[in-house]
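Colleague: I'd like to learn how to read a model like this one. Please take me through a few features, giving the general idea before each case.

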Amino acid sequence: MSTIIAGTPVTAGLGALFATHGMTKKTVVLFDEHTRKLYGDELLRTLTNEGFQYKELVVPAREASKSFSAAYRLYGTMIEADVDRSWNLLAVGGGVVGDLGGFIAASYYRGIPVIQLPTTLLAMTDSSIGGKVAINHPLGKNLIGFFHLPELVLIDPSYLKTLPEREIYSGMAEVVKYGFIADEDFLSFLDLHFKAITELQEPWLTEAVKKSAFIKDDVVTKDFREENGLRATLNFGHTFAHGLEKLAEYRHLRHGEAVTIGMVCALFLSHNLGYLDTVSLERGLSILKKFRFPKGLLKRRFLDIDSNILLENMFSDKKKLDKKLRFVLLKTLGEAFLLEENVDDKQALKAIDESKTFFSGKRLH
Ligand SMILES: NC(=O)c1ccc[n+]([C@@H]2O[C@H](COP(=O)([O-])OP(=O)(O)OC[C@H]3O[C@@H](n4cnc5c(N)ncnc54)[C@H](O)[C@@H]3O)[C@@H](O)[C@H]2O)c1
Ligand SMILES: [Zn+2]
């Protein structure tokens with residue numbers, strides 16, 4: 001749905017690429033503090049060499065930057081710099097910068113083009129693709145936003161060299177998710193090359209990143225506004241994950257860590273409800289066993305949590321009675337569906353408890 005370009009360096013010939021896509025060489029470049037420090041000088045030099053006029057913006061590297069106050073401040077800087085409709089915005093960073101940049105681009109002067117230059121594994125394979133852009137509200141995450149497709153997604157896996165291992169595993173959760181929901185061969189590939197990919201070895205890293213990006217783009221193309229249940233399958237493991245993230249106040253657990261735990265729960269649930277056979281369950285679990293967590297994290301953020309409290313927090317609001325949980329389950333490895341029927345609380349609790357046993361069986365660091 002968007003043009004996705006992968007390569008190293010992906011910024012080579014940027015001016016011509018922008019022209020092909022009907023964009024000017026007038027660009028607002030949004031970084032967070034980390035991406036500015038790591039890649040800013042080099043990128044801005046490239047823009048200068050390519051004849052760009054640019055305005056640079058930097059936000060703190062934290063989730064709190066996805067806020068209305070941050071956006072408001074940046075609008076002001078852009079207005080003062082005479083940025084108008086003829087400009088575009090290049091977002092250089094992880095999902096925080098991508099979501100904030102997309103939000104600003106969607107709203108500034110009623111919308112200017114956004115180009116995503118993702119620098120985390122999660123952003124390269126998930127958040128930069130699909131056009132969902134949002135900021136957070138004190139009452140909930142990602143509640144205020146738009147569908148604003150990027151004009152271009154520029155993926156360069158070499159940026160991952162500076163990414164901390166914890167962030168690599170967090171992104172890897174979404175990568176493995178694509179195998180589970182859409183492509184059994186890809187899942188086998190990830191199983192076989194898990195170590196090489198998490199150690200950023202080529203050609204496996206680029207292969208995994210590209211394939212994930214294309215699966216996401218394909219799903220989004222077929223169900224842009226989440227109307228026929230397909231885009232919802234991207235939320236495999238996420239119903240459980242959201243409860244865990246909420247309990248961790250969106251701070252103590254990375255999204256992908258919550259999704260890894262959530263996928264274990266969802267595998268058990270798929271099996272217990274009679275959809276996924278035992279061999280596939282075991283195979284799925286053996287892949288998820290490869291994920292690493294910081295010392296003590298699983299215990300604090302999952303094993304020690306009362307399963308009933310986790311279940312309560314999986315509901316998106318407090319009025320649990322008139323709400324039902326939506327689960328994405330697997331029929332087989334490589335095929336997911338959104339379950340329409342209500343799932344009995346007992347079944348969800350059983351899946352959580354089995355997952356706790358699964359994780360306590362492994363080394364707890
Ligand atoms: N729009 C969507 O469809 C979508 C999908 C999934 C997640 N998200 C959003 O994405 C956000 C999470 O994104 P994220 O996991 O990329 O987190 P992030 O943007 O906070 O980045 C994680 C950390 O890595 C740093 N970093 C980025 N690139 C780096 C590099 N190359 N080297 C070293 N450090 C680097 C960042 O500065 C930050 O400290 C959340 O806000 C989530 O809601 C959006
Ligand atoms: Zn996710």
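**Reading the features**

Modeller: Let's start with burial: H238 counts as buried, at 4% relative accessibility. Buried means under 20% relative accessible area, exposed over 50% and partly exposed in between, with a 1.4 Å probe and protein chains only. This is a predicted model, in which local features need pLDDT of at least 70 and side-chain atom pairs pLDDT 80 or more, while totals for chains, interfaces and linings use all residues. Residues are numbered from 1 along each chain as its sequence is written, chains are lettered from A and ligands numbered from 1 in the order written, and side-chain values use heavy atoms, without hydrogens and water.

Colleague: Which residues coordinate the zinc ion (ligand 2)?

Modeller: Look for donors, meaning N, O and S atoms within 2.8 Å of the metal (3.2 Å for Na, K and Ca); water is not among the atoms, so sites may look incomplete. Here the zinc ion (ligand 2) is held by E174 through OE and by H238 and H255 through NE2, at 2.0 to 2.1 Å. Along the chain these donor residues follow the spacing E-x63-H-x16-H. H238 belongs to helix α10 (residues 238-247) and H255 to helix α11 (residues 255-272), and this pair, 17 residues apart, links distant parts of the chain. Helices and strands are DSSP runs numbered from the N terminus, helices being H or I with at least four residues and strands E with at least two. H255 is partly exposed, with a relative accessible area of 23%.

Colleague: Next, the other ligand. Which residues come nearest to ligand 1?

Modeller: Being near a molecule takes a heavy atom within 4 Å of it. There are 26 residues around ligand 1, and D32, T119, T120, K132 and T162 come nearest. For polar contacts, look for N or O atom pairs within 3.5 Å; within protein, one must be able to donate a hydrogen and the other to accept it, and sequence neighbours count only if both atoms are side-chain atoms. The side chain of H34 has an N or O atom 2.8 Å from an oxygen atom of ligand 1. R254 places a polar side-chain atom 3.0 Å from an oxygen atom of the ligand, and for the side chain of N142 the distance is 3.3 Å.

Colleague: Now strands. How many residues of strand β4 are buried?

Modeller: Six of the six residues of β4 (residues 88-93) are buried, so the strand is largely enclosed by the rest of the structure. N88, L90 and V92 point one way, and L89, A91 and G93 point the other way. Two strands pair if DSSP finds at least two bridges between them. Strand β2 (residues 26-32) runs parallel to β4, joined by five bridges, and L30 stands opposite A91. Strand β5 (residues 114-118) is also parallel to β4, again with five bridges; there Q116 is the bridge partner of A91.

Colleague: In which sense do strand β9 and strand β10 pair?

Modeller: β9 (residues 327-332) and β10 (residues 335-339) are antiparallel over five bridges, and V328 is bridged to L338. Two residues separate the strands in this hairpin, and G334 in the turn has a positive phi of about 100 degrees.

Colleague: How many aromatic pairs does a search of the whole structure find?

Modeller: It finds 17. Rings of Phe, Tyr and Trp (its six-membered ring) pair if their centres lie within 6.5 Å; planes under 30 degrees apart are stacked, over 60 edge-to-face and the rest tilted. One of them is F147 with F224: the ring centres are 5.1 Å apart and the planes stand at 55 degrees, so the pair is tilted. F147 lies in strand β7 (residues 140-147) and F224 in the loop between α9 (204-222) and α10, so the pair ties together parts 77 residues apart in sequence. F147 is partly exposed at 33%, whereas F224 is buried at 18%.

F302 and F359 make an edge-to-face pair, at 6.0 Å centre to centre and 90 degrees between the planes. F302 sits in helix α13 (residues 297-303) and F359 in helix α15 (residues 345-361), 57 residues apart. F302 is buried at 0%, and F359 is buried at 0%. Ring pairs also link F293, F302, F358 and F359 into a cluster.

Colleague: What lies over the face of F337?

Modeller: A charge sits over a ring if NZ of Lys or CZ of Arg is within 6 Å of the ring centre and within 35 degrees of the ring normal. K331 lies over F337, 5.3 Å from the ring centre, and R36 lies over F31 at 5.7 Å.
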